[in-house]
Amino acid sequence: MKIAILDDYFDTVRTLPCFAQLAGHEVRIWTDHVEDDETLAARLVETEALVLIRERTRIRASLLQQLPHLRLISQRSVYPHIDIAACTRLGIVVSSDMHPGTPSYATAELTFGLIIAAVRQIPRQVNALRAGHWQCGVDTSLRDKVLGIFGYGRIGRAVADYGRAFGMRVLIWASEASRARARADGWTVAESKSQFFSTADVVSLHLRLLNATRHIVTAADLSGMKPTALIVNTSRAGLIEPGALAAALRAGRPGLAAVDVYEEEPLLDTHHPLLDMDNVICTPHIGYLTREEWGISGSLTSSIRSMPTPPGAPPMW
């Protein structure tokens, strides 16, 4: 079977144990990033199974119509970048491992790493030392500070646990159902969205990007934060109203931000407003980027084995 793997920037997939399950198949790995449909179609015209690494490439109807042999798309986690209606119309199966019950510990770990890096000014202190300066300021401790978790799903719960381990007071805001779950788990829930943003010393976003959550964090929410507060986004850039974060940081409320996600990715514009701010830490969407996160095996092979074979079609396995 002809299998294509897109956007494996560092040629990592072939080094994972799960890659051995594709032995005996014709596998082509692409390490660059291409969005042009014509270029992608030329590369994938013979592909029967397409493996996507999260949400790096948009799979649109205009591309799918040019791939006559494609019968399966295997996707790790959520798939807002795939035209599901077009796949259904063309008879292409989309298989996604939504890791039920298991959070992305990699994303939760990065979230807390960014929190520590921001409040302790670690990047700034490192750069100062490299420049020949001994200490460049007095930092802030996390103990007894309020950690606001916006969105109480699998990752939000993990970050809340990390906060408790650091002696932080955890405050939750989320949908009504999620707030009920948070109360049942013993967490403090904010009285309102505005009280949540005005009280938290650190706000961490852990929501899926849906129509109901797009731009759910407004300019007014940000302006209500403390001037000493930090906002962290390792979820999706679209959760925040366009342009609101940069404007709020320039206005001084909140005073700090740590961001791993952007409206357009990969972000290659070195003049992006957030990259020019000393009070912002930016990382290139690496929340899920660990060997352990990628190395969950079986998703592709089980999908191929379980999918029905159309009448008259040769076996795929």
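For a chain of 317 residues, a compact globule would have a radius of gyration near 20 Å, and this chain has 22 Å, which agrees. That radius is taken over C-alpha atoms, and the globule rule is 2.2 Å times the number of residues to the power 0.38. This is a predicted model, where local features need pLDDT of at least 70 and side-chain atom pairs count only at pLDDT 80 or more, while totals for chains, interfaces and linings use all residues. Residues are numbered from 1 along each chain as its sequence is written, and side-chain values use heavy atoms, with hydrogens and water left out.

The overall picture comes next. The C-alpha trace spans about 70 × 50 × 35 Å along its principal axes. The chain has 12 helices and 12 strands, taken as DSSP runs numbered from the N terminus, with helices being H or I of at least four residues and strands E of at least two. Buried residues make up 48% of the 317; buried means under 20% relative accessible area, exposed over 50%, and partly exposed in between, with a 1.4 Å probe and protein chains only. Of the contacts with a separation of 6 or more, 60% are between residues 24 or more positions apart, a contact being heavy atoms within 4.5 Å.

Now to the backbone. The bond from Arg253 to Pro254 is cis, with omega near 0 degrees, and Pro254 sits in the loop between helix 10 (244-251) and strand 11 (256-259). The bond from Glu265 to Pro266 is also cis, with Pro266 in the loop between strand 11 and strand 12 (280-282).

Then there is positive phi outside glycine. Asp144 has phi near 70 degrees, in the loop between helix 5 (122-130) and strand 6 (146-150), and is exposed at 51% relative accessibility. Asp7 has a positive phi of about 60 degrees and lies in the loop between strand 1 (2-5) and strand 2 (26-29). Is Asp7 buried or exposed? Asp7 is buried, at a relative accessible area of 3%.

The backbone oxygen of Asp7 lies 2.3 Å from a polar atom of the Arg56 side chain. The side chains of Arg56 and Tyr288 are joined by a polar contact of 3.0 Å, meaning a pair of N or O atoms within 3.5 Å; within protein, one must be able to donate a hydrogen and the other to accept it, and residues adjacent in sequence count only if both atoms are side-chain atoms.
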